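The sequence and structure are shown first.

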Amino acid sequence: MKKNVLHTLMALVLTLTIISVSVVFTLAFRPLYYFDIDALDIAERTGYSEEMIRENYDVLIDYNLSFGEEELEFPSLPMSESGRIHFEEVKDIFNLFKYMAIAGVILSAVGIWLMSRKKEYLYLKMTSIFSVALPVVLGLLVAVNWDYAFVAFHHIAFDNDYWIFDPATDPVINILPDTFFMHCALMILVCVVLGSLICGLAYRAKTRAAK
């Protein structure tokens, strides 16, 4: 009984780590947005140069990746007070994922080392199952109705409507189309599925080697 509880706890920690790392990796993976600048015709739709779009996007990502308390200032785009508050709230969410990723990696590494010494690998199978369940559910929501999933997420994550940007006062929203966020969500899901597959393959390899 105690062994099953230990495996379950380890699987939950590893699953949360996979999810957190996937979110932070996607946030930091700028080539996805650079690709979308052309794929979604962002420059043509907004009238901004690609250089200007990249510059402002990079500042936004640097802001969300940092742990500092500096204020967000776009190089060439104005921002309203409500927009500033929203980005601060977004950064708080990303900070949570960053802390979870750091703590999760450390705890997972220690846990994997201890479990390997005992030749216990059931947690890998459980992690594979746990971590694939989320992409299946979220993937269905995205496939059925992305707009609903996008709005529902914002209602859950934020207790105000500051996320509803007015392009006149917060033109940054013009360079952040909904489709780009859908691509981010899909990338996170792909990363989580890859983590699930790695755990599943590792479990199979370890159990076969033990026979």
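How many nonpolar, polar and charged residues does the lining of the second largest pocket have?

## Second largest pocket

The structure discussed here is a predicted model. In the second largest pocket, the lining comprises 13 nonpolar residues, four polar residues and one charged residue. The space in this second largest pocket amounts to about 320 Å³.

A total of 18 residues line the second largest pocket, and those nearest its centre are Leu14, Ile18, Gly195, Ile198 and Cys199. Two or more lining residues are contributed by each of α1, α5, α6 and α8. Of these elements, α8 provides the largest share of the lining, namely seven residues.

## Largest pocket

The largest pocket holds about 1,400 Å³ of space. Its lining consists of 41 residues, with Phe150, Phe153, His154, Phe181 and Ile188 closest to the centre. The elements that supply two or more residues to this lining are α1 (2-28), α4 (50-65), α5 (81-118), α6 (122-144), α7 (146-157) and α8 (178-210).

The greatest contribution to the lining of the largest pocket is that of α7, which gives ten residues. By class, the lining of the largest pocket contains 36 nonpolar residues, four polar residues and one charged residue.

## Elements of both linings

Among the elements that give two or more residues to the lining of the largest pocket are α1, α5, α6 and α8; these elements also give two or more residues to the lining of the second largest pocket.

Terms used:
Residues are numbered from 1 along each chain as its sequence is written. This is a predicted model: local features need pLDDT of at least 70, side-chain atom pairs count only at pLDDT 80 or more; totals for chains, interfaces and linings use all residues. Side-chain values use heavy atoms; hydrogens and water are left out. On a 1 Å grid over the protein atoms alone, a cavity is a set of points where a 1.4 Å probe fits but cannot get out, and a pocket is an open set with protein on both sides within 12 Å along at least five of seven lines; lining residues have an atom within 4 Å of a point. Grid points are joined across faces, edges and corners, and a volume is the space filled by probe spheres set on the points. Helices (H or I, at least four residues) and strands (E, at least two) are DSSP runs, numbered from the N terminus. Ala, Val, Leu, Ile, Met, Phe, Trp, Tyr, Cys and Pro count as nonpolar, Asp, Glu, Lys and Arg as charged, and the others, Gly among them, as polar.
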